[in-house]
2 protein chains.
Amino acid sequence: MHEEVPATELLQNARQYFLPAVSVDNVIFGFHQDELRVLLLRMRASRKWALPGGYVFKEEEIDDAATRILKRRTGLQNLFLQQFYTFGSTSRTRIEVVKEFFSEFNPELLENSWLMQRFITVGYYALVEYGRVIPQPDEFSDRCTWHELNNLPKLIFDHGHIIDKALQAMRLQLNYQPIGYNLLPKEFPLKSLQVIYEAILGRKLDRGNFNRKILAASILDKKEKLYSGAAHKAPYLYSFNKKKYFAALKNGLKLGF
Amino acid sequence: MHEEVPATELLQNARQYFLPAVSVDNVIFGFHQDELRVLLLRMRASRKWALPGGYVFKEEEIDDAATRILKRRTGLQNLFLQQFYTFGSTSRTRIEVVKEFFSEFNPELLENSWLMQRFITVGYYALVEYGRVIPQPDEFSDRCTWHELNNLPKLIFDHGHIIDKALQAMRLQLNYQPIGYNLLPKEFPLKSLQVIYEAILGRKLDRGNFNRKILAASILDKKEKLYSGAAHKAPYLYSFNKKKYFAALKNGLKLGF
């Protein structure tokens with residue numbers, strides 16, 4: 001994997017390392033306390049929030065760049081990472097905002113900097129296990145923290161729009177691919193999975209219908225009952241059948257939510 | 001709309017006009033004689049087939065570049081054009097193939113040409129009315145013709161893979177967005193729409209099920225019977241209800257094919 005390029009080196013010599021005009025932005029979703037959350041960075045100089053992103057090394061696959069950035073910011077690898085859209089508007093970044101970003105550095109370095117060009121950005125989303133993530137700010141940020149999807153801070157550039165598009169893509173994905181593997185612990189009641197589907201869809205689902213559809217998909221194994229005081233009312237626990245889950249990820253499902 | 005940049009000017013001064021490292025490729029589908037077809041260019045010098053594509057002007061939205069290329073090659077505008085994937089592999093283009101492309105020009109022009117860099121390409125697909133298209137080769141090609149999806153010639157670079165991905169995206173799209181508006185004449189029997197769905201899905205559908213699902217989607221208006229010798233057996237004709245069709249395109253459908 002490529003080494004991280006130090007900040008001053010990036011500002012002075014980025015064009016030696018990176019593919020021009022192309023960046024990658026990752027929308028990293030985690031699930032905690034019944035809420036879908038997004039991992040965001042706070043830029044040190046401007047105090048503004050942004051998606052974890054970066055540039056693509058000249059000899060690096062774009063998918064590998066997204067994976068590298070995900071690993072750097074979360075400490076995790078081998079995660080489900082999905083390209084969902086490329087954002088190519090001419091007005092998506094503003095030079096003043098970029099300058100504000102890097103305002104802790106010598107402004108002369110910025111004047112003709114490679115960073116001031118127009119960038120298109122390739123959007124990826126990832127679903128990660130909240131409890132396993134060790135958030136790591138990058139060289140330009142002082143915080144890397146989770147934010148509730150329903151209560152996001154103001155974001156730079158088109159990053160709010162990128163999150164909306166990622167959510168739209170996940171909503172479609174729910175209908176033809178399984179979701180949840182990286183978001184839930186090993187064993188969970190069906191209700192937890194329903195809450196994830198509801199968080200992504202942004203609406204409540206009927207419990208009976210949900211259970212029927214998700215069980216019909218044959219990606220779950222039934223486990224022991226969840227222990228509680230009233231054992232006869234306790235729900236069964238389930239786990240994902242890894243083989244069937246990944247087959248469904250590849251070949252598709254018809255869930256129709 | 002931007003003017004086309006003449007070939008020799010492109011070879012010498014492309015970097016003045018275009019965003020570096022980014023191209024656009026259009027997979028243009030048409031429907032004729034019960035077959036899904038793709039519009040391809042034959043490169044004049046190498047005699048190899050390629051997707052219609054191009055570069056993005058420095059101040060041009062990527063979507064607008066795709067629209068411009070579609071208009072130039074088909075003569076049509078206001079078509080359904082959908083971004084579906086960005087291809088970012090480092091091995092997707094090969095310098096030797098690029099050189100062969102342009103071998104009718106002075107090889108010295110090519111040596112340090114902007115065209116020899118690595119490109120990522122943003123893929124779009126379009127569905128167009130076969131009968132209305134007037135195919136136009138570009139400056140580097142001598143033919144622009146339709147090819148049956150099931151009988152494609154060998155394609156340059158990763159263009160075969162790009163067509164496969166476009167087809168996959170359309171298959172998913174069938175389940176949540178209507179398709180067919182630009183592919184069929186104003187009035188048509190349900191069977192014609194079924195044949196399009198079958199061509200995209202690559203499998204036969206049950207007629208009764210298809211009719212039930214597509215009518216339940218409420219995007220069709222029933223018209224007069226198709227005239228034939230045996231009037232009592234003639235199928236009804238339908239047309240797309242434009243208002244409902246475009247609402248469904250925006251808000252989604254649940255067809256579940």
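**Entry 1: chain A as a whole.** How many helices and strands are there in chain A? I found 8 helices and 10 strands. I noted at the start that this is a predicted model. I then looked at the extent of chain A, and its C-alpha atoms fill a box of roughly 70 × 35 × 30 Å along the principal axes. Chain A has 257 residues, and 52% of them count as buried. I also checked contacts in chain A between residues at least 6 apart in sequence: 75% of these join residues at least 24 apart.

**Entry 2: the cores.** Which residues touch the most other members of the largest nonpolar core? They are A:Val27 and A:Phe29, in a core of 47 residues. Helix H6 of chain A, residues 190–201, gives this core its largest share, with 7 residues. I also came across a second, separate core of 46 residues, which includes B:Leu127, B:Leu155, B:Phe210 and B:Tyr245. I jotted down a general remark here: in soluble globular proteins, nonpolar side chains tend to be buried together.

**Entry 3: one tyrosine.** Next I picked A:Tyr55, which I located in strand S4 of chain A, residues 53–57. Is A:Tyr55 buried or exposed? Its relative accessibility is 18%, so A:Tyr55 counts as buried, the cut-off being under 20%. Leaving out residues up to four places away in sequence, I listed what A:Tyr55 touches; among them are A:Leu10, A:Phe18, A:Val22, A:Trp114 and A:Phe119. The list also includes A:Glu60 and A:Arg68.

**Entry 4: where the chains meet.** I turned to the contact between the two chains, where 28 residues of chain B meet 28 residues of chain A. The area buried between them is about 2100 Å², and carbon and sulfur atoms give 57% of it.

I counted 0 salt bridges between chain B and chain A, but 15 residue pairs in polar contact. Several elements of chain B supply at least two residues each to the side touching chain A, including helix H2 (62–74) and strand S5 (80–87). S1(B) gives the most to that side, with 4 residues.

Technical notes: Residues numbered from 1 in each chain as written. Chains lettered and ligands numbered in written order. Predicted model: local features only at pLDDT ≥ 70, side-chain atom pairs only at ≥ 80, totals over all residues. Heavy atoms only, no water. Core = buried A, V, L, I, M, F, W, Y, C linked by side-chain atoms within 4.5 Å. Buried < 20%, exposed > 50% of the residue type's maximum accessible area, 1.4 Å probe, protein only. Contact = heavy atoms within 4.5 Å. Buried area = accessible area lost by both parts, 1.4 Å probe. Salt bridge = Lys/Arg side-chain N within 4 Å of Asp/Glu carboxyl O. Polar contact = N/O pair within 3.5 Å; in protein donor to acceptor, adjacent residues only side chain to side chain.
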